[in-house]
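Thanks for coming. I will show one model and then go through a few places in it, one after another.

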Amino acid sequence: MIPNEIKEAAAYLQSRIIDNTTIGIVLGTGLGGLVQKIDIQECIDYKDIPHFPVSTVQGHSGRLIVGRIGGVPVLAMQGRFHFYEGWSMAQVTFPARVFCLLGIKTLFVSNAAGGLNPGFKVGDVMVITDHINMFGTNPLIGPNMDEFGPRFPDMSQTYSQRLVSKALEIGKAENLDLRTGVYVGTSGPTFETPAEYKMFRALGADAVGMSTVPEVIVARHCGLEVFGVSIITDSGVPGEIVEVSHEEVQKVAAAAEPRMTRIIEALIIDEGKK
């Protein structure tokens, strides 16, 4: 059974949305520049949406934007919710459930991440091809919401291979040097120790961050197609590790953001032609 809180939030937003919107976007740390590409119809503060959490993280604006990119209707979350803020997994992933009820079919997610692959450098943009869940929990634990998806959802293609291929084609055509790799999600809020960086790399991860994985798990449970991208804001490669702060992460993300924005903008416009 779908909880009433999800239904009430979706009903409120449905009354504010004009277009039939199938594309949702989650904008992470320092990656709000895509908003400048949106022909905005409505800006809705999270605090005004029934049962929505409110982000406490610097750089996360906390509003839902209703509009169009290149004529394509979109819903964009300017700021997300993190497990380390003290929210439950149900609260962290609440927007993904609401998006599903609103008819969203494709979810675009972005984040800032620490680089683990020695071939990466700070400022690189990495298209996510897979993830590793190191949160120590899973947002699907508990009674299954059968209306959204099965008890045991398949995760063999968590990130859309179709959209990954399109992104790489766009990058090549526009001379944007894109990386691809596996993202490992942790609870935070501490940045990783050198030993943890080494362990995650041994597990097969190319980048590490404190978000994205919970929302993506729930999105896939709902049957949404997912595309994800990380900006590499610091290095966890042995010999390159330096003290890092959230402010420095935001600064690097802001500098690299135009490339991420261009990829997502082009993908969304292409999706609108379907």
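Before the elements come up by name: helices (H or I, at least four residues) and strands (E, at least two) are DSSP runs, numbered from the N terminus. As for the ground rules, this is a predicted model, in which local features need pLDDT of at least 70 and side-chain atom pairs count only at pLDDT 80 or more, while totals for chains, interfaces and linings use all residues. Residues are numbered from 1 along each chain as its sequence is written, and side-chain values use heavy atoms, with hydrogens and water left out.

With that naming in place, take Asp177, which is found in the loop between H4 and S7. Its relative accessible area is 45%, so Asp177 is partly exposed; the scale is buried under 20% relative accessible area, exposed over 50%, and partly exposed in between, with a 1.4 Å probe and protein chains only. Asp177 and Asp124 are 53 residues apart in sequence, and their C-alpha atoms are 7.9 Å apart in space.

The loop between helix H4 (161-173) and S7 also holds Asn175. Asn175 is not a glycine, yet has a positive phi of about 60°. Asn175 counts as exposed because its relative accessibility is 71%. His51, also not a glycine, has a positive phi of about 70°. His51 sits in the loop between S2 and S3, and counts as partly exposed because its relative accessibility is 41%.

One more backbone item. Gly188 and Pro189 are joined by a cis peptide bond, with omega about 5°. Pro189 is in the loop between strand S7 (178-186) and helix H5 (194-203).

Now the strands. Is strand S1 (residues 23-27) mostly covered or mostly open? Mostly covered: five of its five residues are buried. Ile23, Ile25 and Leu27 point one way from S1, Gly24 and Val26 point the other way, and all are buried. Which strands does S1 pair with? Two strands pair if DSSP finds at least two bridges between them. S1 pairs in the parallel sense with strand S4 (residues 72-78) over five bridges, and Gly24 stands opposite Leu75 there. S1 also pairs in the parallel sense with strand S5 (residues 106-115), over four bridges, where Val109 is the bridge partner of Val26.

Next, the nonpolar cores. A nonpolar core here is a set of buried Ala, Val, Leu, Ile, Met, Phe, Trp, Tyr and Cys residues joined through side-chain atoms within 4.5 Å. The largest has 46 residues, of which Leu13, Ile49, Leu64, Leu75, Val98 and Leu107 touch the most other members. Among the elements that give two or more residues to this core are helix H1 (4-14), strand S6 (125-134), helix H6 (213-221) and strand S9 (225-235). Apart from this core lies another, of 30 residues, among them Ala76, Ala256, Met260 and Leu267. As background, nonpolar side chains in soluble globular proteins tend to be buried together.

Ile49 gives a local view of the 46-residue core. Contact means heavy atoms within 4.5 Å. Leaving aside neighbours within four places in sequence, Ile49 is in contact with Ala9, Tyr12, Leu13, Ile44 and Leu64.

On to the rings. Rings of Phe, Tyr and Trp (its six-membered ring) pair if their centres lie within 6.5 Å; planes under 30 degrees apart count as stacked, over 60 as edge-to-face, and the rest as tilted. A search of the whole structure finds seven aromatic pairs. Among them, Phe52 and Phe94 are edge-to-face, 5.8 Å centre to centre with 85° between the planes. Phe52 is in the loop between strand S2 (39-45) and strand S3 (63-69), and Phe94 is in helix H3 (residues 94-101), 42 residues apart. Both are buried. Ring pairs link Tyr46, Phe52, Phe81, Trp87 and Phe94 into a cluster.

Ser211 is found in the loop between strand S8 (207-209) and H6, and is buried because its relative accessible area is 8%. Leaving aside neighbours within four places in sequence, Ser211 is in contact with Arg80, His82, Asn111, Phe135 and Tyr183. Thr261 is found in helix H7 (residues 246-272), and counts as buried because its relative accessibility is 4%. Not counting residues up to four places away in sequence, Thr261 touches Gly33, Leu34 and Lys37.
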